[in-house]
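This report covers the ligand site, the pockets and a few points of backbone geometry. The sequence and the structure come first.

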Amino acid sequence: MEKQIYTILSNERLARDIYRMELEGDTRGITAPGQFINIKLEGFYLRRPISICDWDDTKLTIIYKTVGQGTEKMAKMGPGNRLDILCPLGNGYDLDKISDAPVIAGGGVGVPPMYGLTKALIEKGKKPMVVLGFNTKEEVFYEKEFRDLGAEVKVTTADGSYGIKGFVTDGFTAADYGCACGPEPMLKAVSDKVKHGQFSFEARMACGFGGCMGCSCETKYGYKRICKEGPVLEKEEIKW
Ligand SMILES: Cc1cc2nc3c(=O)[nH]c(=O)nc-3n(C[C@H](O)[C@H](O)[C@H](O)COP(=O)(O)OP(=O)(O)OC[C@H]3O[C@@H](n4cnc5c(N)ncnc54)[C@H](O)[C@@H]3O)c2cc1C
Ligand code: FES
């Protein structure tokens, strides 16, 4: 993990309250999809953790929802603005453990890390089936981007205004392997429909790099820090 200054290349609105920011800077440390960055914002004591959606040799992409003062401040930034960022943090998904045709489920702002994961799996010759879940049509984003990767994609909305009416679990039948990121009830529902899988958890974070124990959660194998040994946990170890 390095503390670096990144320069905003673009920051655009994708859907209701959802923004995509492209950042130029050092990405050499990123090793797996599902890792995250921690952003220092002027005037805020705690950094804000956001998943890495995609990255290449010189830049990374994040997608975030404006939910409070920090993310509102981010939405007002533009190209050329600079951000102090810790990158990368967390373990990310273990690609070698994922089967050849897994279900990949993202809910709301849990969708972004699943993009990087889907891209990496396709590059490895796997055939992921992607289900993206949202509350309503105005919140849908990245359907085309996932399709452009070559994945089979289904979209669900809770109110039925777009795609399949219901939750991500209405978008697939029981599967051998699943990966998911989203609200905890969604993770549990996906876990119940797959034999094995990896699930990305959120927690309120202080340091973000394993120093304060503020994000500890109990697993079947003892306590783990969501920011360090997570955010991705395996189905076998999760205590719901
Ligand atoms: C590992 C990790 C990855 C994340 N990835 C993304 C991402 O890719 N895109 C994205 O939009 N968001 C992501 N989040 C959530 C994001 O960190 C919070 O939404 C953000 O920090 C809120 O900052 P704020 O100042 O705007 O809101 P605040 O003023 O701090 O809070 C506003 C509201 O948001 C809720 N909130 C704040 N932080 C969290 C949190 N960590 N988890 C759940 N609810 C929270 C609060 O309960 C409150 O209701 C991630 C969180 C973690 C821990
Ligand atoms: S936030 Fe400090 S240990 Fe995880």
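Which polar backbone atom is 2.7 Å from an oxygen atom of ligand 1? The atom belongs to Lys 65. The model is a predicted one, and the values below are computed from it.

## Contacts of ligand 1

Besides the contact with Lys 65, where the distance is 2.7 Å, an oxygen atom of the ligand lies 2.6 Å from a polar backbone atom of Pro 49. The side chain of Arg 204 supplies an N or O atom at 3.1 Å from an oxygen atom of ligand 1. On its own, ligand 1 has 880 Å² of accessible area, and the protein covers 76% of this.

## The shell around ligand 1

There are 18 residues around ligand 1, and those that come nearest are Arg 48, Pro 49, Lys 65, Thr 71 and Glu 202. By class, the shell holds 9 nonpolar, 5 polar and 4 charged residues.

Strand S4 gives the most, with 4 residues.

## The largest pocket

Where does ligand 1 sit? Its place is the largest pocket, which has a volume of about 790 Å³. The lining of this pocket is made up of 26 residues, and nearest its centre lie Arg 48, Pro 49, Ile 50, Glu 202 and Ala 203. Arg 48, Pro 49 and Glu 202 are also among the residues that come nearest to ligand 1.

The elements that give two or more residues to the lining are S4, S6 and H1. S4 has the largest share, 4 residues. Divided by class, the lining has 14 nonpolar, 7 polar and 5 charged residues.

## The second largest pocket

The second largest pocket has a volume of about 540 Å³. Its lining consists of 28 residues, of which Gly 107, Gly 108, Gly 182, Pro 183 and Met 186 are the closest to its centre. Two or more residues of this lining come from each of strand S9 (129-134) and helix H4 (184-193).

Which element gives the largest share of the lining of the second largest pocket? Helix H4 does, with 5 residues. The residue classes in this lining are 14 nonpolar, 9 polar and 5 charged.

## Backbone geometry

Two cis peptide bonds can be pointed out. One joins Cys 87 and Pro 88, with omega about -5°; Pro 88 is part of strand S7 (residues 82-89). Another cis bond runs from Gly 230 to Pro 231, where omega is near 10°. Pro 231 is found in the loop between strand S15 (222-225) and strand S16 (232-234).

Asp 17 lies in the loop between strand S1 (2-15) and strand S2 (18-24).

## Summary of the ligand site

Strand S4 gives 4 residues to the ligand shell and 4 residues to the pocket lining. Oxygen atoms of ligand 1 make contacts with the backbone of Pro 49, the backbone of Lys 65 and the side chain of Arg 204.

Notes
Residues are numbered from 1 along each chain as its sequence is written. Chains are lettered from A and ligands numbered from 1 in the order in which they are written. This is a predicted model: local features need pLDDT of at least 70, side-chain atom pairs count only at pLDDT 80 or more; totals for chains, interfaces and linings use all residues. Side-chain values use heavy atoms; hydrogens and water are left out. A residue is near a molecule or strand if one of its heavy atoms lies within 4 Å of it. A polar contact is a pair of N or O atoms within 3.5 Å; within protein, one must be able to donate a hydrogen and the other to accept it, and residues adjacent in sequence count only if both atoms are side-chain atoms. Accessible areas come from the Shrake-Rupley method with a 1.4 Å probe; for residues, only the protein chains shown count as cover. On a 1 Å grid over the protein atoms alone, a cavity is a set of points where a 1.4 Å probe fits but cannot get out, and a pocket is an open set with protein on both sides within 12 Å along at least five of seven lines; lining residues have an atom within 4 Å of a point. A molecule sits in a cavity or pocket if more than half of its atoms lie within 2 Å of its grid points. Ala, Val, Leu, Ile, Met, Phe, Trp, Tyr, Cys and Pro count as nonpolar, Asp, Glu, Lys and Arg as charged, and the others, Gly among them, as polar. Grid points are joined across faces, edges and corners, and a volume is the space filled by probe spheres set on the points.
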